[in-house]
Amino acid sequence: MDLKQKMKNRTGEMILSYGQILLGCLIGGASYSLFLVPNNIAPGGLTGIATILNFLAGWPVGLVSLLMNVPLFLLSFKTMGRVFVLRSLGATVLFSLSIDLLQFQPLTTDPLLGTLFGGVMLGIGLGLIMRGGATTGGTDMLAKIVHRKMPFLSVGMFLFMLDFCVVIAAFFIIGSGEGLYALICIYVSGKVIDVVLAGLTSNKACFIMTEAWEKVSESIIKDMDRGVTQLRARGGYSKQERPVVLCVLSRQEIPRLKEIVQAEDENAFMFITEAHEALGEGFSKLSTEA
C-alpha cells in the first residue's frame with residue numbers, strides 16, 4: 001500500500017472516529033434531560049456527583065461535571081498520552097455542553113422507565129465515544145493515577161468504589177428509591193457499552209476435532225470461502241497427534257458448517273464459542289486508529 005493510500009485510509013478512520021465521538025456526545029447528553037435528571041438518577045462517576053449537586057442546589061450537570069473533570073485531565077496529561085488526553089478532553093467538553101444545552105421535555109417521569117431507557121441511551125452514547133478512541137470523564141484516569149500510587153488497588157475496583165459511593169450518596173441525599181434506580185442504571189449502561197464496543201454482529205469461533213480434518217478444512221475453504229487454522233493437538237486418551245480445525249464464522253454460517261462436518265465425519269467433535277469481535281480479511285477492517 002503506497003503512502004497516499006495510507007494517508008487516505010487514515011483520514012477516513014479519523015473522520016469515522018470523530019463522527020462517533022460527536023454522535024455519542026449528542027446521544028449521551030440528551031439522555032440526561034430526557035430521562036435521568038427529571039427522575040433524579042445519578043448514574044455513577046462525576047456526572048453522578050453533578051446530578052446530586054443539581055438536586056441539592058440546581059447547578060447545571062454538564063458544567064459541574066466539566067469543572068471536576070478538567071483537573072483530572074491535567075494530572076493525566078503526561079501518563080495517558082497527549083493525543084488521547086486532548087481527544088478525551090474535547091469529548092468531555094462536548095459531552096458536558098450537550099447535557100446542559102440539549103434541554104428536551106422529559107419523555108417519562110416514571111423512575112423505572114427513566115432508569116432503563118436513560119441507561120440504554122447513556123450506554124449507547126458512551127460506547128460510541130469509546131469506539132471513537134476517547135472518554136468522557138476523568139474518573140478512569142484518576143483510577144489509573146491511584147493505581148500507580150497504590151498497585152494493590154486495581155483500576156476496576158477503584159471505579160466500582162467510586163460508583164458505589166455516588167450511589168450511597170444518592171441513596172441518603174436524594175432518596176432510597178433513586179439510589180437503587182442508580183444501581184440499575186449503572187448496570188444497564190455498562191452492558192450496553194459492552195454491546196456497542198463489541199458490535200452488533202455476533203461472530204462464532206468454531207473448534208473441530210475430526211479424523212477427516214483435511215477434508216473438512218478443504219470444504220470450509222472452497223464451499224464457504226472462509227479461512228481455517230489447524231492447531232496442533234494431542235488426544236489425552238488416544239495419545240495421537242491430530243490437528244484441531246479452527247475457523248471464525250458469522251452466526252448465519254454455522255448451519256452450513258455443521259452440514260460439512262457431519263458429511264465428512266459423523267463422529268467428529270465440535271464446540272462453538274463467542275468471538276465478540278473479528279477483525280481482518282472477511283470481517284471488519286483491522287484499524288490501528290484509537
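Let's begin with what a patch is: patches are made of residues with over 30% relative accessible area and no salt bridge, where like charges are joined within 9 Å and nonpolar side chains (Val, Leu, Ile, Met, Phe, Trp, Tyr) within 5 Å. A salt bridge, in turn, is a side-chain nitrogen of Lys or Arg within 4 Å of a carboxyl oxygen of Asp or Glu. Accessible areas come from the Shrake-Rupley method with a 1.4 Å probe, and for residues only the protein chains shown count as cover.

Keep in mind that this is a predicted model, where local features need pLDDT of at least 70 and side-chain atom pairs count only at pLDDT 80 or more, while totals for chains, interfaces and linings use all residues. Residues are numbered from 1 along each chain as its sequence is written, and side-chain values use heavy atoms, with hydrogens and water left out.

Now look at the surface. A nonpolar patch there has about 1100 Å² of accessible area together, and its members include Phe 55, Phe 160, Phe 164 and Leu 180. Helix 2 (45-57), helix 7 (155-173) and helix 8 (176-198) each give two or more residues to this patch. Helices (H or I, at least four residues) and strands (E, at least two) are DSSP runs, numbered from the N terminus. Helix 7 gives the most, with seven residues. Phe 164 sits in helix 7 and is partly exposed, with a relative accessible area of 43%; buried means under 20%, exposed over 50%, and partly exposed in between (1.4 Å probe, protein chains only).

Four strands make an open sheet in the order 2-3-1-4, with antiparallel pairing. Two strands count as paired if DSSP finds at least two bridges between them. Strand 2 (229-231) and strand 4 (269-275) are at the edges, each with a single partner strand, so one side of each has no neighbour in the sheet.

Follow strand 3 (residues 244-250) for a moment. Seven bridges pair strand 3 with strand 1 (residues 203-209) in the antiparallel sense. Cys 206 has Cys 247 as its bridge partner in strand 3, and Asn 203 stands opposite Ser 250. Strand 2 is joined to strand 3 by three bridges, again antiparallel, with Gln 230 partnered by Val 245. Is strand 3 mostly covered or uncovered? Six of its seven residues are buried, so to speak mostly covered.
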